[in-house]
Amino acid sequence: MNKNIILCGVGGQGTVLASKLIAAAAMKKGLPVMSAETIGMAQRGGSVFSHIRIGEGLRSPMIARGTADVILGFEPGEAVRMLPYLKKGGQAVVSIRGIMPVTAALSGAGYKSEEMLSYLEKQVEHLLVVDTEKACRDIGSPKVLNILLLGAAAHSGALGLSDEDIKEAIKEHVPEKFHDMNLRALAYTHPDTP
Amino acid sequence: MHKEFLMGNEAIALGTIAAGVNLVSGYPGTPSSEVLETVAKRRTSDIYVEWSVNEKAAMEVAAGAAYTGARSMVTMKQVGLNVASDPLMSLEYIGVKGGMVVLAADDPGPISSQTEQDTRHFSAFSKLPCFDPSDPQEAYEMVQEAFEYSEKYETPVFLRPTTRVCHGYASITVKDEAEYKVHNFEGFTKDSGRWVIFPRLSYQNHIKIEARNQTLADDFSEYSRNRIYQACRKNVLLKKGIASGGISFTYALETLEEAGMAKLFKVSTPHPFPERLALSFLEGLTEVLCIEELDPVIERELTYICGKYHLPVKIYGKLTGHVKNAGENSRDSVQENIMQFLGLASDSPNMVSADSALSTDSMPSLPVRPPVLCAGCPHRASFCAVKAAMKGKKTIFCGDIGCYTLGNAMPLDMVDTCLCMGAGLGIAQGVGHMEPDTTCFAFVGDSTFFASAITGVINAVYNQADMTLVILDNSTTAMTGHQPHPGTGRTMMGEIVQKINIEAVLRGIGLKVVEIVNPLDYEASVECVKRVAWEPGVKAIIFKAPCIALTKPSGSLAVSPDKCINCRKCIRELGCPALVISEKQVSIDSSLCTGCSLCSQICPVNAICPPAEKDKGGVCHE
């Protein structure tokens, strides 16, 4: 199995943990993994991304344009920004909730995440928009956004990782007191979840 | 041996521990910081680790350890090397007894730095060998080899990873603890002919260094990480080769593995350059493209070798305009450079072709999303207070390096200058001497204060400057990941030690006016600035409030829609990411708000308060 996965969003949304969990789950299956992510200044509310590559024969962690199997968009506009990396027929899993950049609030221009979502709908054949607003309310924490998207991507089959694979990674890499909440987030979009 | 998923910096740290290092010192700086942190976290009991006060101190501490025969490492980012260059340039002549690795991480882009300087030049300038890893696994092994070379030649050596190697992760094979080398050392032996630098000694050692580097260049031609990959059968006829190093080499290799191999030269020791190996690479070629980041180091070396040996090979790269000369390379840019150079179409069956990417023609305009001060950051409050207090006055706000550099963004617009660590103080003094009617401020964080601002304060007091020093004390080194420093009272060995008190330091230097205020108390802060800035000479305000990333938020505030007149003063003045406009009304994003209450203090109609009070129709912040 060879997979190129891109996670993108706004600094502070939990992309780093999500990419660690994907890597841990893949390694558990005995697969080589490489990844790269934004660390440093941009983490303070700027655009951030992670590239994750799974499979044999990898040389570098960086993904070429048009070769990502999956994009996990933690924010609609950031998903649009990374869209040139998605391969034809690739899967995009995107959170419905937009985050207004300070620059947009200041200029009064506003920022319409709906525009971003409708662009994604037009461009991406396999698009999954997750109603993370409702999900976070139901689960009772805005912090589970990353696991919600991870779950949705896993259920779509595009990650090549199962719920069980990710569940184990959560148990190993997330403090125990958050297990329950995160496991509920993981299962939230599962077709069997009521 | 076992497998671990490690960041490049963690891999370097584990390699360093496996090499039997005895002491690691450093100063935080992106992208280097995780090396020392990981050594501290994973160290065996006999390794000493410290965050030094700055890179110069760190370099000297590591050199001292290596004088005893111990193995030492010093870590820093590329601009930190400028600070450490004084001891380094002399250490070149003295050398070491135990292995010493100078880890200087470069930052092509630059992504989190002031400069795109290239440590490979520093290596040539200081005549010290340089190792340039291309991925985490190689970095893990290379650092262990670097210690061996350092000891063999009794010289410090550079390990120079770049951001994508430092912060790239890979599942790599590392040694178990039982396989770690134990490095025993004999201790310092007095020998003033060896350890005391004098002009005569420097002259003699200069001769030895030049001879040694000739030997090293030959040695490096045999080093397995400098390597030639042969062209595939169909590409041999092209007589074209690619030379590369570092992360760019991995992009080049991947591209060539897909397009068909061309002759490829991997340069892992850019200094001393493996000349003999380069000659066998150049043999039979007519053209070479150099793919590297930052400066054209490999390109210049190959051009020099072609001149020296009268080789009819054209060398292309940054100098010839074939590769862009600034910013980082990407997988895509390298592929484009190589395909163009080899004259290959980019739609060969194995290649990623550009048209498989989606068209971006109809893409909606994307918002720029630069980094901002966090919601609840006390620096925002400090900047607002100074801005309000000095409104209408002729001022200059000299900034410095840290999270608070982000105070330059609109709407705060409170950083008029920023140069390098600690420079704001000197700049403020220089401006003040030339423009006596300007009220000069220098802003500096607590970690930067200890690292490089104290000499600036002494300079100001001694030379009768007129300026206000503003210390933004959030009790940590926030930007690089919350490292402890002399003011925090914690060391990397886990000890609780006496805190060095910034106010006492300033009073010791002779400042008469030093006030401490909580910036999140807006009114008190504005009053404090008005009072202090009026005083003659050098005076200081210490804005003291902990970094919001290290404190528990006190709960989100909310805008009361009945009271809000939608004047948007909060948005216009604060630029807080938690303040958003939703359906043309100001509202607070409860997932971001930390309840710092700065907005409620500047709201002219008291429309912002804790949600419970809002529901009760209670009065906000009075």
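Reader: Arg120(B) and Glu292(B): what do their side chains form, and at what N to O distance?

Author: A salt bridge, at 3.0 Å from N to O. This is a predicted model, so that value is computed from predicted atoms.

Reader: Where do the two residues sit in chain B?

Author: Arg120(B) is in helix H6, residues 119–126. Glu292(B) is in the loop between strand E12 (287–291) and helix H14 (297–308). The pair links distant parts of the chain, 172 residues apart.

Reader: Is Arg120(B) buried or exposed? And Glu292(B), buried or exposed?

Author: Arg120(B) is buried, at 3% relative accessibility. Glu292(B) is buried as well, with a relative accessible area of 2%. The cut-off for buried is under 20%.

Reader: Which residues are linked with them in a network of salt bridges?

Author: Asp106(B), Asp118(B), Asp132(B) and Arg160(B) join Arg120(B) and Glu292(B) in that network.

Reader: Asp106(B) again. Which residues does Thr163(B) touch?

Author: Leaving out residues up to four places away in sequence, Thr163(B) touches Pro31(B), Asp106(B), Asp107(B), Pro108(B), Ile111(B) and Gly168(B). Its side chain makes a polar contact with the side chain of Asp107(B), at 2.6 Å.

Reader: Where is Thr163(B) found? Buried or exposed?

Author: Thr163(B) is in helix H8 of chain B, residues 163–166. It counts as buried because its relative accessibility is 7%.

Reader: Back to charges. How many salt bridges over all chains?

Author: The count comes to 45.

Reader: What about Arg276(B) and Glu222(B), what is the N to O distance there?

Author: Their side chains meet in a salt bridge at 3.7 Å. Arg276(B) lies in helix H13 (275–282) and Glu222(B) in helix H10 (199–222), so the pair ties together parts that are 54 residues apart in sequence. Arg276(B) is partly exposed, at 44%, while Glu222(B) is exposed, at 58%.

Reader: And in chain A, which residue does Glu133(A) pair with?

Author: Arg97(A), with the closest N and O atoms 4.0 Å apart. Glu133(A) is in helix H5 (132–139) and Arg97(A) in the loop between strand E5 (86–95) and helix H3 (102–107), 36 residues apart. Glu133(A) is partly exposed, at 38%. Arg97(A) is partly exposed too, at 25%.

Reader: New topic, the interface. How much area is buried between chain B and chain A?

Author: About 4,900 Å², with carbon and sulfur atoms giving 63%. The contact takes 58 residues from chain B and 57 residues from chain A.

Reader: How many salt bridges between the two chains?

Author: Six. Arg53(A) with Glu254(B) is a salt bridge at 3.0 Å, N to O.

Reader: Which element gives the most to the side of chain B that touches chain A?

Author: H12(B), with six residues. The residues on that side divide into 31 nonpolar, 13 polar and 14 charged.

Reader: Last one, helix H1 of chain A. How many residues, and what span?

Author: H1(A) has 14 residues, 15–28, and reaches 20 Å from first C-alpha to last, close to the 20 Å expected. Its buried residues include Leu21(A), Ile22(A) and Ala23(A).

Reader: What covers the buried residues of H1(A)?

Author: The cover includes strands E1 (3–10), E2 (33–37) and E3 (47–54) and helices H6 (145–156) and H7 (163–173) of chain A, together with strand E1 (2–7) of chain B. Just after H1(A), Gly30(A) takes a positive phi of about 80°.

Conventions:
Residues numbered from 1 in each chain as written. Chains lettered and ligands numbered in written order. Predicted model: local features only at pLDDT ≥ 70, side-chain atom pairs only at ≥ 80, totals over all residues. Heavy atoms only, no water. Helix = DSSP H or I, 4+ residues; strand = E, 2+ residues; numbered from the N terminus. Expected span 1.5 Å × (residues − 1). Buried < 20%, exposed > 50% of the residue type's maximum accessible area, 1.4 Å probe, protein only. Contact = heavy atoms within 4.5 Å. Polar contact = N/O pair within 3.5 Å; in protein donor to acceptor, adjacent residues only side chain to side chain. Buried area = accessible area lost by both parts, 1.4 Å probe. Nonpolar A, V, L, I, M, F, W, Y, C, P; charged D, E, K, R; others polar.
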